[in-house]
Amino acid sequence: MNQRTDPIEIPRANEAPEFADGFLWKLELITILALLAILIVGGYFSRDIFMYFRLIGFPWLHASQLTISAPYSDTHSVSLPSLGIGKQMFLLAELLVSFVICPTVFLFGWHRRRVNRERSQNVRSLSLDSVAYGFCGIVTVALAISVGPAAFLQGRSTTSRCEGDASRIQREGMMTEMSLIGVDAFIYQLRPKELGGGDGSFAGYGIGEKLSRTDYGEYTATVKSDKTLEVKGNSARCATNTISVLVDTYGGTYGWRFEGNWLGYG
Amino acid sequence: MDESTTSKKDDPETIAMLWWILIAIILVSIPYVIPSRSTSFWVPLNAAGLVTGVYLLALVIYLLRKPLRLSRRPLLGIIAFLVIGVAAYAWVSAERGAKEVAELRYQRRVAIARGALVREMSWRLTETLTAYFHKDTRGLKTLAQSFLRRHPKAMVGSDIRLPLLGGDRKILVQTLEPRRIALVGLETTLLGRDSTFKNYDGTIGRVQEKLILTERGIIRESEN
């Protein structure tokens with residue numbers, strides 16, 4: 001007797017599809033397109049397009065640029081909300097495209113090709129579009145090769161910026177102090193002789209102890225004539241950097257001269 | 001099911017890759033988008049970067065598994081770890097460097113503002129002293145009288161700076177005595193050396209310079 005059984009297919013648990021066919025693909029394609037759109041739009045609105053493409057792929061370099069170019073704040077730092085939604089999303093998109101999506105696509109593709117070759121199988125075409133594989137390969141390899149030189153150049157640029165700014169601070173501090181010496185000399189020549197002044201002349205003027213040596217530099221004054229005084233300052237940070245200025249009897253300073261290597265000034 | 005009829009989209013390796021990407025996007029985005037109390041955008045960015053680093057390490061370890069030939073694994077592993085390591089170093093130094101540059105730029109701005117403040121105050125005081133010593137105004141017996149002649153509304157605590165001059169500065173009269181005038185200059189938006197310093201106008205931590213005028217001259221006290 002033939003027993004007939006109905007061909008009921010019971011799907012095995014491990015074969016049951018979790019999503020509809022192609023759902024993951026669609027989801028990720030939309031995500032990737034959205035991330036790429038953010039990067040492209042970010043570039044379009046970038047003030048410095050050259051800088052944008054020079055830094056693209058390295059979110060930390062863009063973040064550095066944002067830190068340096070941010071408006072000064074009390075806390076000396078920039079919060080995430082203050083960046084604006086566009087820049088926030090841009091940084092995240094850059095990180096995801098450069099260091100998550102592209103390496104994953106490239107490494108999975110590379111792994112499959114390598115394994116198939118070792119099994120002496122014909123290299124099956126990837127389930128990915130080969131354009132995506134190629135693009136991600138270029139991005140991943142380019143980033144891997146350039147990450148070292150980029151770090152080196154970034155370090156060098158930071159050092160030179162820091163030296164330039166330190167030099168500017170030094171120079172500004174010395175100029176402020178030399179202006180005050182000019183004021184001091186002006187007051188001296190203004191004071192009558194009975195009050196220990198020059199009574200219309202710089203003759204006999206000497207810089208007070210407090211003004212002559214500070215954290216910024218050391219200063220000397222030379223009387224050029226009754227009506228002109230030269231103040232010279234040597235930087236405390238770099239002895240070869242000097243500034244000199246002339247003071248007139250109206251208390252004005254003129255003829256600023258900067259010698260040595262004042263970084264950050266052409 | 002026949003392989004030829006299998007959609008490429010259903011390829012298990014591709015599905016695995018899509019899962020990796022999807023999970024990574026979620027994991028990397030979470031620390032970035034979670035509201036942070038931090039005042040710096042570097043904190044969420046670093047957290048996202050850290051997750052990315054861990055993800056990449058996991059990915060490399062996963063892909064270097066069997067059946068990949070054993071001899072290939074160490075070399076590829078070293079290359080991958082080296083690249084991730086250099087990227088992590090570059091990231092950390094970029095953050096440190098950028099903050100250093102930003103801080104120095106801030107200090108430069110402070111130095112410029114301090115200079116402008118001192119110059120403006122000294123100009124007002126020399127003006128007073130010039131009038132005091134000038135033969136036409138010798139009738140003005142005290143420094144205070146000479147100062148009040150130029151600033152008739154000035155009193156202790158008042159701001160003698162004209163608003164039309166702009167900037168975020170204040171020049172306040174601290175002392176107005178016959179033979180001693182002290183002006184306190186404040187830069188209201190910039191922090192000075194000590195962030196806990198109590199400024200003359202009641203604010204905290206701002207740049208403050210003080211100039212004292214006597215018949216002997218001007219004394220500068222850089223207070224904060």
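## The contact between the chains

In this predicted model, 83 residues of chain B and 78 residues of chain A take part in the contact between the two chains. Together the chains bury about 7,600 Å². Carbon and sulfur atoms account for 71% of that buried area.

How many salt bridges cross the interface of chain B and chain A? The rule finds zero. Over all chains, a search of the whole structure finds 14 salt bridges.

## The largest nonpolar core

In soluble globular proteins, nonpolar side chains tend to be buried together. Here the largest nonpolar core has 61 residues. Five of its members touch the most other members: W60(A) and L91(A) from chain A, and F41(B), W42(B) and L45(B) from chain B. The largest share, 15 residues, comes from α5(A).

Look at L91(A) up close. Neighbours within four places in sequence are left aside here. Another core, of 20 residues, lies apart from the largest one. Its members include M121(B), L143(B), I171(B) and I218(B).

Which residues make the nonpolar surface patch of about 440 Å²? They are I23(B), I26(B), L27(B), I30(B) and I34(B). Take I23(B) as an example. I23(B) sits in helix α1 of chain B. Its relative accessibility is 44%, so I23(B) counts as partly exposed.

## V118(B), a buried residue

Is V118(B) buried or exposed? V118(B) counts as buried, because its relative accessibility is 1%. This residue belongs to helix α3 of chain B. Leave out residues up to four places away in sequence, and V118(B) touches T176(A) and L180(A) in chain A. In chain B, V118(B) touches E209(B), L211(B) and R220(B).

The fold also brings V118(B) and G185(B) together. The two are 67 residues apart along the chain. Their C-alpha atoms are separated by 7.5 Å.

## Salt bridges in chain B

Side chains of opposite charge can pair when their charged atoms come close. R220(B) and E209(B), both touched by V118(B), form a salt bridge with 2.9 Å from N to O. R220(B) lies in strand β4 (residues 217-222) and E209(B) in strand β3 (residues 206-214), so the pair ties together parts that are 11 residues apart in sequence. Both partners count as buried: R220(B) has a relative accessible area of 19%, and E209(B) is at 0%.

R150(B) and E127(B) form another salt bridge, with 3.0 Å between the closest N and O atoms. This pair ties together parts that are 23 residues apart in sequence, because R150(B) is in helix α4 (residues 143-150) of chain B and E127(B) is in helix α3 of chain B. R150(B) is partly exposed, at 44%. E127(B) is also partly exposed, at 22%.

R124(B) pairs with E120(B), and their closest N and O atoms are 3.3 Å apart. Both R124(B) and E120(B) are buried. They are four residues apart in helix α3 of chain B, so about one helical turn separates them. The pair belongs to a network of salt bridges that links E120(B), R124(B), R161(B), R169(B) and E187(B).

## Chain A as a whole

Chain A has seven helices and four strands. Along the sequence, the pattern is α-α-α-α-α-α-α-β-β-β-β. Of its 266 residues, 44% count as buried. Chain A exposes about 14,800 Å², and carbon and sulfur atoms supply 58% of that area. Now take the contacts in chain A between residues at least 6 apart in sequence. Of these, 48% join residues at least 24 apart.

Most residues other than glycine have a negative phi. D199(A) is not a glycine, and its phi is positive, near 50°. D199(A) lies in the loop between α6 and α7 (209-212) of chain A.

Notes: Residues numbered from 1 in each chain as written. Chains lettered and ligands numbered in written order. Predicted model: local features only at pLDDT ≥ 70, side-chain atom pairs only at ≥ 80, totals over all residues. Heavy atoms only, no water. Core = buried A, V, L, I, M, F, W, Y, C linked by side-chain atoms within 4.5 Å. Buried < 20%, exposed > 50% of the residue type's maximum accessible area, 1.4 Å probe, protein only. Helix = DSSP H or I, 4+ residues; strand = E, 2+ residues; numbered from the N terminus. Contact = heavy atoms within 4.5 Å. Patch = residues over 30% accessible without salt bridge, like charges linked within 9 Å, V, L, I, M, F, W, Y side chains within 5 Å. Areas by Shrake-Rupley, 256 points an atom, 1.4 Å probe, with all protein chains shown as cover. Salt bridge = Lys/Arg side-chain N within 4 Å of Asp/Glu carboxyl O. Buried area = accessible area lost by both parts, 1.4 Å probe.
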